[in-house]
Amino acid sequence: MADYKKKNILVTGGAGFIGSHVVRTFVRRYPDYNIYNLDALTYAGNLENLKDIEGRDNYFFLKGDITDAAFIEKEFAEKQFDAVIHLAAESHVDRSITDPLAFAKTNILGTINLLNAFKAIWMDNWDGKLFYHVSTDEVYGSLGATGYFTEETPYDPNSPYSASKASSDHFVRAYGETYGLPYTISNCSNNYGPNQFPEKLIPLFINNIINKNPLPVYGDGNYTRDWLYVEDHAEAIDLIFHKGQKNETYNIGGFNEWKNIDLVGLLCRQMDIKLGRQEGESEKLITFVRDRPGHDLRYAIDASKIHDGLGWNPSVTFEEGLAKTIEWYFDNSEWLQHVTSGEYQKYYKTQYSQTRI
Ligand code: NAD
Ligand code: DAU
């Protein structure tokens, strides 16, 4: 039973990669909040990610779909959530290229349903309430060889995924302007770390190296991403949630740019050591494959607003974070086996069978 004197905080998508770290951080750190994790448990959601906090008396799981307006309205009316941290989304760019509508449905309609339900209970008095929308740096589009995304960079999304996230950001801001809804938005760079589904670059390549399968590098591999360890993202979310300025946006990044091909080289070297393989063995698995359509060349975040304003900094170097990540996938081989059986095999075949160049 939830303690009615406590604040009720809703985290959506808490069974996913980043959401699970956010839920764990909040449940452990804030016994005075009731933390509700609402998740549809799609292929990307996994309650194994939260086994360690299952029995806590300030943690509650709600299985449900944010695209189901009636269900969402009912939960908000019943639980009177004081704040929402919204992470639930379709999150993989490649899947958005195959099925854009699924991304519009979850990322846009789902967000509007949450905004409407929040507005329905607090419109008369927004005091102390907050809608925190977790977004991505991909809304800014692609950088050339120089420059950084700042909070003022105009939106210019290129993939169906980033277009759907950009749209949801606009709706959050519009509800702030139109209805006075108090919000914060953060736009973060590429995350990596424990619990990431092996469709994204780093866990996919860890799994393939373990199994001596080809490492499908898109195009020439000269694409650049700014990588952040997932627990540092959860810390940033905690800071913005508690200390961020209302109705503002914060960019979050790792000050850590890597070309894909260099990152894969480092990963191969660390994996060879971990697996006791000869130096250079894993690199032989690199296979250049057909490029992702509309592939953004470079993302890089100027994180000075959150650094200067809230004192946030990443806590680990990339080499340390990557080593911790590899360690986690080795310690959790059962998790990896569960999520790579069944549907995953079908996805992998469709995504990668025709991409060799
Ligand atoms: P993820 O795909 O690992 O997890 C998404 C979660 O949302 C899953 O648990 C899934 O079950 C749930 N979900 C999906 N559709 C739902 C629906 N209709 N109703 C309820 N739950 C649903 O995603 P992630 O990588 O953890 O990303 C979380 C959020 O952070 C997303 O909004 C994403 O856009 C954003 N983001 C991700 C990254 C990154 O590098 N992964 C970087 C910046 C921002
Ligand atoms: O920048 C933040 C975004 O980072 C998040 O909003 C997204 O949810 C998250 O998925 C991530 O998007 P990317 O498309 O950058 O991540 P992904 O891991 O899919 O790819 C990283 C880079 O690696 C990208 O340049 C494409 C490349 N890549 C990816 C895969 C899966 C390959 O070369 N081969 C692959 O098999």
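Biologist: What makes the approach of Arg 225 to ligand 2 a polar contact?

Modeller: In this predicted model, a polar side-chain atom of Arg 225 lies 2.8 Å from an oxygen atom of ligand 2. A polar contact is a pair of N or O atoms within 3.5 Å, so this pair qualifies. Backbone atoms take part as well: a backbone N or O atom of Ser 91 lies 2.7 Å from an oxygen atom of ligand 2, and a polar backbone atom of Leu 201 is 2.8 Å from an oxygen atom of that ligand.

Biologist: How do you know how much of ligand 2 the protein covers?

Modeller: On its own, ligand 2 has 690 Å² of accessible area, and the protein covers 95% of it. Helix H6 and strand E8 (215-218) are the elements that give two or more residues to the shell around ligand 2, and E8 has the largest share, with three residues.

Biologist: Which residues surround ligand 2 at the closest range, and what classes does its shell contain?

Modeller: Ligand 2 is surrounded by 24 residues, of which the closest are Thr 136, Asp 137, Tyr 161, Arg 292 and Tyr 352. By class, this shell has 11 nonpolar, seven polar and six charged residues.

Biologist: Why is helix H6 called mostly covered?

Modeller: Helix H6 spans residues 201-210, and eight of its 10 residues are buried. The buried residues are Ile 202, Pro 203, Leu 204, Phe 205, Ile 206, Asn 207, Asn 208 and Ile 209. After H6 comes Lys 212, whose phi is positive, near 55°.

Biologist: Turning to the other ligand, which backbone atoms approach an oxygen atom of ligand 1?

Modeller: A polar backbone atom of Ile 18 is 2.8 Å from an oxygen atom of ligand 1, and the corresponding value for a polar backbone atom of Phe 17 is 3.1 Å. Asn 191 also contributes, with a backbone N or O atom 2.9 Å from an oxygen atom of ligand 1. Taken alone, ligand 1 exposes 840 Å², and the protein buries 96% of that.

Biologist: What surrounds ligand 1, and which element gives the most to its shell?

Modeller: There are 28 residues around ligand 1, and the closest are Ile 18, Asp 39, Ser 91, Tyr 161 and Lys 165. Helix H1 (17-29), strand E5 (130-136), helix H5 (160-179) and strand E7 (190-192) each supply at least two residues of this shell, while E5 gives the most, with three residues. The shell around ligand 1 has 13 nonpolar, 12 polar and three charged residues.

Biologist: What class does Leu 143 fall into, buried or exposed, and why?

Modeller: With a relative accessible area of 13%, Leu 143 falls under the 20% cut-off and is therefore buried. Leu 143 lies in the loop between E5 and H5. The C-alpha atoms of Leu 143 and Asp 296 are separated by 7.8 Å, although these residues are 153 residues apart along the chain. Leaving aside neighbours within four places in sequence, the contacts of Leu 143 include Tyr 148, Phe 149, Leu 297 and Arg 298.

Biologist: How do you know that the side chains of Thr 249 and Arg 173 make a polar contact?

Modeller: The value for the two side chains is 3.5 Å, and the cut-off is within 3.5 Å, so the pair is counted as a polar contact. Thr 249, in strand E10, is at 9% relative accessibility and therefore counts as buried, the limit being under 20%.

Biologist: Which residues touch the most other members of the largest nonpolar core?

Modeller: In this core of 43 residues, they are Ile 85, Phe 241 and Ile 306. Helix H7 (230-243) is among the elements that each supply at least two residues, and H7 gives the most, with seven residues. Beyond its neighbours within four places in sequence, Phe 241 is in contact with residues including Ile 9, Phe 26, Tyr 33 and Ile 85. A second, separate core of 33 residues includes Tyr 192, Met 271, Ile 286 and Val 316.

Conventions
Residues are numbered from 1 along each chain as its sequence is written. Chains are lettered from A and ligands numbered from 1 in the order in which they are written. This is a predicted model: local features need pLDDT of at least 70, side-chain atom pairs count only at pLDDT 80 or more; totals for chains, interfaces and linings use all residues. Side-chain values use heavy atoms; hydrogens and water are left out. A residue is near a molecule or strand if one of its heavy atoms lies within 4 Å of it. A polar contact is a pair of N or O atoms within 3.5 Å; within protein, one must be able to donate a hydrogen and the other to accept it, and residues adjacent in sequence count only if both atoms are side-chain atoms. Accessible areas come from the Shrake-Rupley method with a 1.4 Å probe; for residues, only the protein chains shown count as cover. Helices (H or I, at least four residues) and strands (E, at least two) are DSSP runs, numbered from the N terminus. Ala, Val, Leu, Ile, Met, Phe, Trp, Tyr, Cys and Pro count as nonpolar, Asp, Glu, Lys and Arg as charged, and the others, Gly among them, as polar. A nonpolar core is a set of buried Ala, Val, Leu, Ile, Met, Phe, Trp, Tyr and Cys residues joined through side-chain atoms within 4.5 Å. Buried means under 20% relative accessible area, exposed over 50%, partly exposed in between (1.4 Å probe, protein chains only). Contact means heavy atoms within 4.5 Å.
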